[in-house]
Amino acid sequence: MEVEVRPTRLGSRWFRSFGEVTDPVCEVVCFPHAGGSAAMFQTWHRATSALRITAVQLPGREVRLGERPFLEMTALVDALVPALRPLTGRPYAFYGHSMGALVAFEVLRRFTALELPLPRALFVSGRDAPQYGDQEEVHHLPDAELLARLRAWEGMEPQDLSTYEELVTLMLPTIRADLTLAETYRYAPGPALPVPVRVLRGARDPLMRPRDAGWAVQTSAECSVREFEGGHYFVQDQERSVVAHIEAALGVSGTGEAGTR
């Protein structure tokens, strides 16, 4: 079934919403990984009737393919905050995967500084806490070496490589730009966030430190950790479980198109 994609109520090229939610309890704003797009979250609505799923659409991909991607975090946050600001008038939460976790964290810090209404929780996955730099920097590698590292992160098998490399080669400039943004990011110490931080991690993710990966020190509220089967991109295989976990952490319940889980 083809997923209906439409601009979110935020009314901006920065966002896409998926599916129909008649009476959502909370809006979950999702930030994709390096090289990822809003489409990463296009089927999440099938797993919930309580959450409205809105995904951030960064420049350099999908309908914004012709736009230059950001290379620096502060510039990206400066552009995102005014676009995101309207959502603070209703219940919402942030979810960020890998690079998206860093972006969500820095947007939330800016919201705090501006004294805007804050989200119910910050969900982060596939990423160490911002006070830690990347364990491996790859944005400067030649194309062939960069492709090899991306394959290793995704656990690709040889038979998968032909389709994978064609797509990734097309997107390689955007992926490299996103990796540059994430790997050149430098954390500036500041007050802990007054919202709960919910850490999601793959049991075999080579890019995360153990346990809470350092996120507990970034909240003055509560930090929880939930481990899922899989590697760095566990969310692709554990989508329903991830959405169910978000619902439970937010204290809401709902079922998607496929019925009860």
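Biologist: Where is Arg-127?
Modeller: Arg-127 is in the loop between β6 (122-125) and α3 (143-154). Helices (H or I, at least four residues) and strands (E, at least two) are DSSP runs, numbered from the N terminus. Keep in mind that this is a predicted model, where local features need pLDDT of at least 70 and side-chain atom pairs count only at pLDDT 80 or more, while totals for chains, interfaces and linings use all residues. Residues are numbered from 1 along each chain as its sequence is written, and side-chain values use heavy atoms, with hydrogens and water left out.

Biologist: OK, and is Arg-127 buried or exposed?
Modeller: Arg-127 counts as buried because its relative accessibility is 7%. Buried means under 20% relative accessible area, exposed over 50%, and partly exposed in between (1.4 Å probe, protein chains only).

Biologist: What does Arg-127 touch?
Modeller: Not counting residues up to four places away in sequence, its contacts include Ser-98, Tyr-132, Asp-134, Met-208 and Trp-215. Contact means heavy atoms within 4.5 Å.

Biologist: You mentioned Tyr-132. What lies over its face?
Modeller: That's Arg-209, at 4.1 Å from the ring centre. A charge sits over a ring if NZ of Lys or CZ of Arg is within 6 Å of the ring centre and within 35 degrees of the ring normal. There's also Arg-64, whose charged end sits over the ring of Trp-14, 4.3 Å from its centre.

Biologist: Stay with Arg-64. Which residue does it meet in a salt bridge?
Modeller: Arg-64 pairs with Glu-67 through their side chains, at 2.7 Å from N to O. A salt bridge is a side-chain nitrogen of Lys or Arg within 4 Å of a carboxyl oxygen of Asp or Glu. Arg-64 counts as buried, since its relative accessibility is 2%, whereas Glu-67, at 29%, counts as partly exposed.

Biologist: Which other salt bridge does Glu-67 make?
Modeller: The Glu-67 side chain also meets that of Arg-13, at 3.8 Å from N to O. That pair links distant parts of the chain: Arg-13 is in the loop between β1 (5-6) and β2 (15-18), Glu-67 is in the loop between β4 and α1 (73-84), and they are 54 residues apart.

Biologist: How many salt bridges turn up in the whole structure?
Modeller: The search finds eleven. Another of them joins the side chains of Arg-204 and Glu-229, at 2.0 Å from N to O. Arg-204 is in the loop between β7 (197-202) and β8 (223-228), and Glu-229 is in the loop between β8 and α5 (239-250), 25 residues apart. Arg-204 is exposed at 52% relative accessible area, and Glu-229 is partly exposed at 48%.

Biologist: Switching to rings. How many aromatic pairs are there?
Modeller: A search of the whole structure gives ten. Rings of Phe, Tyr and Trp (its six-membered ring) pair if their centres lie within 6.5 Å; planes under 30 degrees apart count as stacked, over 60 as edge-to-face and the rest as tilted. Take Phe-41 and Tyr-95: their centres are 6.2 Å apart and their planes at 80 degrees, so the pair is edge-to-face.

Biologist: Why does that pair tie together parts that are 54 residues apart in sequence?
Modeller: Because Phe-41 lies in the loop between β3 (26-31) and β4 (51-56), while Tyr-95 is in strand β5 (residues 92-97). Phe-41 is buried, with a relative accessible area of 0%, and Tyr-95 also counts as buried at 0%.

Biologist: What about Phe-94 and Phe-111?
Modeller: They form a tilted pair, 6.0 Å centre to centre with 50 degrees between the planes. Phe-94 lies in strand β5 and Phe-111 in helix α2 (residues 99-113), so this pair ties together parts 17 residues apart in sequence. Together with Phe-31 and Tyr-92, they form one aromatic cluster.

Biologist: Last one: what is the mean pLDDT of the protein chain?
Modeller: The mean is 86, and 86% of the residues reach 70 or more. pLDDT is the predictor's confidence in each residue, from 0 to 100. Over residues 156-161 the value is below 50, and that stretch has four contacts in the model beyond near neighbours in sequence. Residues 256-261 are also below 50, with 18 such contacts.
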